[in-house]
Amino acid sequence: MSALAGLQRGLSDFLLHGGDGCAVGVAAAPGEAGTRLGIYANAYRLRLHEALATDYTLLAAWLGEARFVQLLDEYIAAHPSHHFNIRWFGCRMAEFVAGSAPWSDEPILADLAEFEWAQGLSFDAPDGPLLEAGAVAGLPAVAWETLRISFHPAVHRRDFHWNVHELWHALLEGRPLPPPLEYVVPVPWLFWRRERRSYYTSLDRDAARALDLALDGADFPAVCMALRAWWPDDVVPERAASLLKSWVNEGFVSGICLGAVPRGAARCAAASFRSRHSGEFGPAR
Amino acid sequence: MGTYNSLPAAGFGLGLRRQHYRDVVETQPRVDWFEIISENYMEAGGRPRYYLEQVRAHYPVVMHGVSLSIGSVDPLNYDYLHKLRDLAAFVEPARISDHLCWTGVDHTNLHDLLPLPYTEEALQHVAGRVSQVQEFLGRRLLLENVSSYLSYAESEMTEWDFLAEVATRADCHILLDVNNVYVSAHNHGFDPRRYIKAMPAARVQQIHLAGHSVAGAHLIDTHDAAIVDPVWDLYAYAVGQLGAVATMIERDDNIPPLAALVQELALARRIAADASHECVA
């Protein structure tokens, strides 16, 4: 190992794990090296705290300052940053609180983290084209047999077990957070962006199922098939068409593809196809 | 993309911050150019890119990065470099800069501008990587001196000799942060004018000014306050030594209204004009 590599690993190890920092080889008067190293250690911790506090204001409000700081310290220790952009440092918070004691004893924490993170993903997702309203109205009947939808990169689907949106609204309005309420069945939500503003809405269960399938690349007949769990056969085409129309009108849809996949012969009306997890790594806010 | 492709972004600029997006677009203040933090605009979408495009339509924009980690022993991050090059194709900046530092090792990012040891080994390492980056980008890079709070026992030369030699060997330019020189001089006990005097004037293509804070016996480069008089004095000295270099004010925390920064920039204009006049006389 070169001297330069040894020095960098020594300082990195000190910042990540603490210790006396002797391996760094700081040039300083006796007793002063610790102070100088401490400036970097404090900056490392504070910078990551600041990034997480920006991403998780609701979690902070819920936990209170002392517990939130404890959570951040534990998260920082468990998940060193591997992305050059600090914006993505907090990407595993929901997973962390769901799987690490004592946080996992409070299942609402994962929902609180996920609700705010999903908003962030929509907020700074890449741009994409938007299909114009009415673009699907004139399609011939045969086209619907192979129609697939490509969604705007800002579209994100999540299920929530708790009334986190009520807590979020209370936080925004400066009101005390309401009591937590656990749903009997998780409620589907959708996050998206239009004209630089982020939006979210709860979904009917049939709409959520249809949207999940479409986001995963299912064709329109498969979406219709799934809707038969909620609707009589003769109503399904009307419901499916209605959903598609609302998705286009709301700005969820970037384009449509006609033709079989994956032969490469599909004809796309707009952007190329994206999976539902696209756009989860991007820019800083 | 915009109208200002051929302008050199000379004069006096400000860092473009999201708190000022609307003010900049709506009031078009007397600022000669804006500097963006490259990483904040690498994804082609959302509010940041929208406002970047709006600002770019009215002002020259230069790009300043914090993640190149030019001194790290890790391999260069070509994912990052591709994003940087793509952004440069969109912005068409007069300058692209980053820091003479390392930000992590073993693929762990420490999100800080960490100082290098000033050794021949580090010099060769950095100069070689700057050359690779410049070849990839197809243009010269500006490297900025960072503030530091420690130095290494194994250093073999001064920071200013190291910076000047990197610039010579890699044939790159220098972004001289006058506040960083002042902060490091205080923290390490050297004469900041000696640092500035050692800079190869032809390679210094941009100057940064900023505020700092006091933490015990040390100064910390926090960019959260107005520029203090001793830094203005050092800036006047730098202008006298280096000539009329494009200058900007960085403010990243405790951000005041745009008008206050424009006013602070006017002070930079006056000091630079006076220093240039004295130099000529």
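Which residues of α6(B) are buried? They are Val178(B), Asn179(B), Asn180(B), Val181(B), Tyr182(B), Val183(B), Ser184(B), Ala185(B) and Asn187(B). A residue is buried if 20 or more other C-beta atoms, placed from the backbone, lie within 10 Å of its own, exposed if 12 or fewer, and partly exposed in between.

This is a predicted model, in which local features need pLDDT of at least 70 and side-chain atom pairs count only at pLDDT 80 or more, while totals for chains, interfaces and linings use all residues. Residues are numbered from 1 along each chain as its sequence is written, and chains are lettered from A and ligands numbered from 1 in the order in which they are written.

**The barrel of chain B**

In chain B, eight strands form a closed barrel in the order β1-β2-β3-β4-β7-β8-β9-β12, with parallel pairing. From one strand to the next, the twist averages 30°; axes are lines fitted to C-alpha atoms, and angles run from 0 to 180 degrees between N-to-C directions. Helices (H or I, at least four residues) and strands (E, at least two) are DSSP runs, numbered from the N terminus. Two strands pair if DSSP finds at least two bridges between them.

| Strand pair | Bridges | Facing residues |
|---|---|---|
| β7(B) and β8(B) | three | Leu142(B) and His173(B) |
| β8(B) and β9(B) | four | Asp177(B) and His208(B) |
| β9(B) and β12(B) | three | Leu209(B) and Ile249(B) |

Strand β8(B) spans residues 173-177, and five of its five residues are buried, so it is largely enclosed by the rest of the structure. Together with β7(B) and helix α5 (residues 159-170) of chain B, strand β8(B) makes a right-handed β-α-β unit. A crossover is right-handed if, with the strands pointing away from the viewer, the path from the first strand over the helix to the second runs clockwise.

Helix α6(B) covers residues 178-188, and nine of its 11 residues are buried. These buried residues pack against several elements of chain B, including α5, β8, α7 (192-197) and α8 (229-242); two residues are in contact if their C-beta atoms, placed from the backbone, lie within 7 Å. Just after α6(B), Gly189(B) has a positive phi of about 75°.

**Chain A and the contact between the chains**

The contact involves 40 residues from chain A and 41 residues from chain B. On the side of chain A that touches chain B, α1 (3-17) and α2 (33-55) each supply at least two residues, and α1(A) gives the most, with 10 residues. By class, that side has 25 nonpolar, nine polar and six charged residues. Ala, Val, Leu, Ile, Met, Phe, Trp, Tyr, Cys and Pro count as nonpolar, Asp, Glu, Lys and Arg as charged, and the others, Gly among them, as polar.

Phe14(A) is found in helix α1 of chain A. With 21 C-beta neighbours inside 10 Å, Phe14(A) counts as buried. Not counting residues up to four places away in sequence, Phe14(A) touches Gly19(A), Gly21(A), Val24(A) and Leu37(A).

In helix α9 (residues 220-227) of chain A, the residues Phe220(A), Val223(A), Cys224(A) and Leu227(A) are buried. They cover an arc of only 100° around the axis, which puts them on the same side of α9(A); the arc is that of the directions from the helix axis to the C-beta atoms. The buried residues of α9(A) pack against α8 (205-215) and α10 (236-250) of chain A.
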